[in-house]
Protein chains: 2
Amino acid sequence: MSGPSYVAVDWGTSSFRLWLMNAGGQVLGERRSDQGMTAAAKAGFASVLQSHLDALGVPAGLPVVICGMAGARQGWVEAGYIDTPAHLSDILKGAVVVSGQAREIRILPGIAQRDIAAPDVMRGEETQLLGALGLDPADAADVCMPGTHSKWVRVRGGAVARFATFMTGELFSAAARDTILSHAVGGAGETIDSDAFGAAVAEAFAAPALAANLLFRVRARQLLFGGSAEAARETISGTLIGIELAANLAERERATRVMLIASGRLQRLYQIAFERLSIPLNVVDAEEAVRRGLANAAAAIWQDGRINA
Amino acid sequence: MSGPSYVAVDWGTSSFRLWLMNAGGQVLGERRSDQGMTAAAKAGFASVLQSHLDALGVPAGLPVVICGMAGARQGWVEAGYIDTPAHLSDILKGAVVVSGQAREIRILPGIAQRDIAAPDVMRGEETQLLGALGLDPADAADVCMPGTHSKWVRVRGGAVARFATFMTGELFSAAARDTILSHAVGGAGETIDSDAFGAAVAEAFAAPALAANLLFRVRARQLLFGGSAEAARETISGTLIGIELAANLAERERATRVMLIASGRLQRLYQIAFERLSIPLNVVDAEEAVRRGLANAAAAIWQDGRINA
């Protein structure tokens with residue numbers, strides 16, 4: 001195994017993940033913390049990064065490639081957006097160098113859809129796409145990337161042709177925490193109630209306009225008939241995921257395969273949802289995708305000489 | 001004008017409204033406060049009520065009729081529910097007497113729809129219906145009662161045949177306050193941006209499954225194109241009201257008139273929404289409806305002798 005070649009960082013709103021990589025894209029060391037953009041904006045981005053580099057004993061000259069919210073306006077250095085249709089290799093050209101640093105540090109840009117009728121932005125997910133599909137994918141792909149802000153991306157001719165963000169995860173948190181539904185989900189454990197979840201997905205998928213009523217029924221059902229906190233939580237989750245799937249899959253050719261880029265609990269939930277609707281799926285781990293995306297970027301920037309040539 | 005005959009109270013989750021009435025249903029005195037169920041559960045329901053009765057100098061023997069959350073399980077005395085199909089006059093029969101009080105105090109029950117496939121509850125709105133439609137309405141009515149939890153009610157043969165609650169108002173508050181959209185609506189003034197609101201209603205009505213995407217676009221639009229906080233707020237509001245209308249009106253005969261029971265800003269917004277969709281409307285003021293409903297209840301209980309006979 002060859003020695004360290006560069007450092008890859010996925011710097012989100014609320015999480016920080018760093019990998020020390022060799023030229024072959026293998027992981028030599030790893031750091032995780034909750035020092036996302038919000039926390040780092042207070043503590044200082046440079047010092048947060050340096051503390052993790054020090055903890056791994058990273059040599060002074062090793063370069064760093066970063067994706068995510070560190071490149072937002074409220075982040076470290078604004079890395080802007082490249083516009084749709086955005087070829088995946090264009091992401092590299094938009095990388096911004098953080099000035100005044102001892103080592104070379106580059107932050108990758110996001111992607112913007114500057115369509116006044118359907119404006120949208122992503123930051124971080126473009127790097128997952130780069131990892132899952134490569135720099136110049138020949139095949140068409142329809143990609144679902146669940147999360148706080150779920151992204152649905154249509155990739156055609158190597159480029160992000162179109163995408164749409166759904167506030168599914170954030171609406172789930174707000175509904176379960178800040179509304180009357182908090183009484184229904186209080187004390188729910190780790191176990192997923194797959195039956196309640198699947199039924200809610202199917203019901204919302206069939207009648208998406210009912211969403212705000214399906215959510216209230218969670219409370220009414222518990223008042224009138226009882227039921228577990230897990231069933232309540234999964235019904236809320238299934239309702240919101242069900243309408244997201246209805247928006248993206250209802251008029252879709254059922255035979256086409258969707259690529260799901262997700263990890264952990266979310267991956268599990270979306271897999272159950274897709275199965276329930278009999279929609280074929282390829283699953284890619286989200287963390288692996290972002291790491292591979294950063295590796296692809298680093299290789300193109302520092303090894304192939306494509307950018308610095 | 002005749003002297004005081006009874007006291008009517010609308011006791012909601014977060015608001016308290018009291019009227020001193022004469023036998024003819026005229027208002028002789030009025031009190032309002034934010035001592036709703038939540039606050040009164042701490043301060044004590046009896047003492048909150050007494051303080052307002054004292055402030056108006058209400059005679060000791062005058063009876064009190066109450067509707068709303070004071071009759072919930074977490075309220076003063078649980079007044080239970082009458083079940084659908086619920087004749088409006090059944091509400092009176094379900095009134096519960098608060099024991100151990102110097103004067104006669106009755107709390108009206110709510111209505112429950114004990115359908116495991118579409119469970120639902122209301123508490124307070126049944127009294128608005130009693131006020132808007134009377135004790136024994138002959139005509140069929142489709143009623144929209146917007147609010148934190150909007151109710152859509154089908155009245156047939158004098159009874160609440162069916163109803164559905166939409167968490168529209170509460171989802172609006174949670175989305176505007178507790179999600180990334182809070183950045184977009186911050187500092188919005190009182191003025192309603194009717195254009196933004198109407199456009200959002202039409203768009204969500206046409207494609208309700210897109211709701212969670214239409215909400216995110218509010219943030220993306222402001223990032224990429226700018227725009228006012230009022231436009232952002234009304235787009236969120238219009239999106240949520242638009243899907244509520246889609247659930248209730250999409251497959252409805254367009255010629256049928258809907259009764260809207262609402263007050264203030266909400267009345268204004270829903271009127272704009274219905275106009276935008278060219279749906280004819282009868283508007284009834286919500287506060288007047290609840291007061292008239294309590295008056296109808298009081299008359300039936302204490303004057304007609306129907307209940308105490």
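Reader: Which residues in H5(A) and H9(A) meet?
Author: This is a predicted model. In it, A:Thr168, A:Leu171, A:Phe172, A:Ala175 and A:Ala176 are the H5(A) residues. On the H9(A) side they meet A:Arg233, A:Ile236, A:Ser237, A:Leu240, A:Ile241 and A:Glu244.

Reader: How many of them are nonpolar, polar and charged?
Author: The contact of H5(A) with H9(A) has seven nonpolar residues, two polar and two charged.

Reader: What's the packing angle, and how far apart are the axes?
Author: Helix H5 (residues 168-178) and helix H9 (residues 229-249) of chain A pack at about 150 degrees. Their axes are 10 Å apart. That angle is over 145 degrees, so H5(A) counts as roughly antiparallel to H9(A).

Reader: Is the crossing left-handed or right-handed?
Author: H5(A) and H9(A) make a right-handed crossing.

Reader: Switching to chain B. At what angle do H4 and H11 pack?
Author: About 85 degrees, for helix H4 (residues 125-133) and helix H11 (residues 286-303) of chain B. The axes are 6 Å apart. H4(B) is therefore roughly perpendicular to H11(B).

Reader: Who makes that contact?
Author: From H4(B), the residues are B:Thr127, B:Gln128, B:Leu130, B:Gly131 and B:Ala132. H11(B) brings B:Ala286, B:Ala289, B:Val290, B:Arg291, B:Arg292, B:Gly293, B:Leu294, B:Asn296 and B:Ala297.

Reader: And the split by class?
Author: Seven nonpolar, five polar and two charged residues make up the contact of H4(B) with H11(B).

Reader: Take B:Ala132. Buried or exposed?
Author: Buried. B:Ala132 has 24 other C-beta atoms within 10 Å, and 20 or more is enough to count as buried. The residue lies in helix H4 of chain B.

Reader: What does B:Ala132 touch beyond its neighbours within four places in sequence?
Author: B:Met259, B:Ile261, B:Val284 and B:Ala289. There is also a distance to note for B:Ala286. B:Ala132 and B:Ala286 are 154 residues apart in sequence, with their C-alpha atoms 8.6 Å apart in space.

Reader: Now B:Ser99. Where does that lie?
Author: In the loop between strand E7 (96-97) and strand E8 (105-107) of chain B.

Reader: Buried or exposed?
Author: B:Ser99 is exposed. The count is 7 other C-beta atoms within 10 Å, and 12 or fewer means exposed.

Reader: How far is B:Ser99 from B:Val77?
Author: 9.1 Å from C-alpha to C-alpha. In sequence, B:Ser99 and B:Val77 are 22 residues apart.

Reader: What about B:Thr84 to B:Pro85?
Author: That peptide bond is cis, with omega near -5 degrees. B:Pro85 is in the loop between strand E5 (81-83) and strand E6 (86-87) of chain B.

Reader: What is phi of A:Ser278?
Author: Near 55 degrees. That is a positive value in a residue other than glycine. A:Ser278 lies in the loop between helix H10 (264-276) and strand E15 (281-285) of chain A. A:Ser278 is exposed, with 7 other C-beta atoms within 10 Å.

Reader: And B:Ser278?
Author: Phi of B:Ser278 is near 55 degrees, a positive value. The loop between helix H10 (264-276) and strand E15 (281-285) of chain B holds B:Ser278. With 7 C-beta neighbours inside 10 Å, B:Ser278 is exposed.

Reader: Why do you say the copies meet through the same surface?
Author: Because 100% of the interface residues of chain B are also interface residues in chain A.

Terms used:
Residues are numbered from 1 along each chain as its sequence is written. Chains are lettered from A and ligands numbered from 1 in the order in which they are written. This is a predicted model: local features need pLDDT of at least 70, side-chain atom pairs count only at pLDDT 80 or more; totals for chains, interfaces and linings use all residues. Two residues are in contact if their C-beta atoms, placed from the backbone, lie within 7 Å. Axes are lines fitted to C-alpha atoms, for helices over the stretch in contact, and angles run from 0 to 180 degrees between N-to-C directions. Helices (H or I, at least four residues) and strands (E, at least two) are DSSP runs, numbered from the N terminus. Angles under 35 degrees count as roughly parallel, over 145 as roughly antiparallel, 65 to 115 as roughly perpendicular and the rest as oblique. Ala, Val, Leu, Ile, Met, Phe, Trp, Tyr, Cys and Pro count as nonpolar, Asp, Glu, Lys and Arg as charged, and the others, Gly among them, as polar. A crossing is left-handed if the near helix is turned anticlockwise from the far one by less than a right angle, and right-handed if clockwise.
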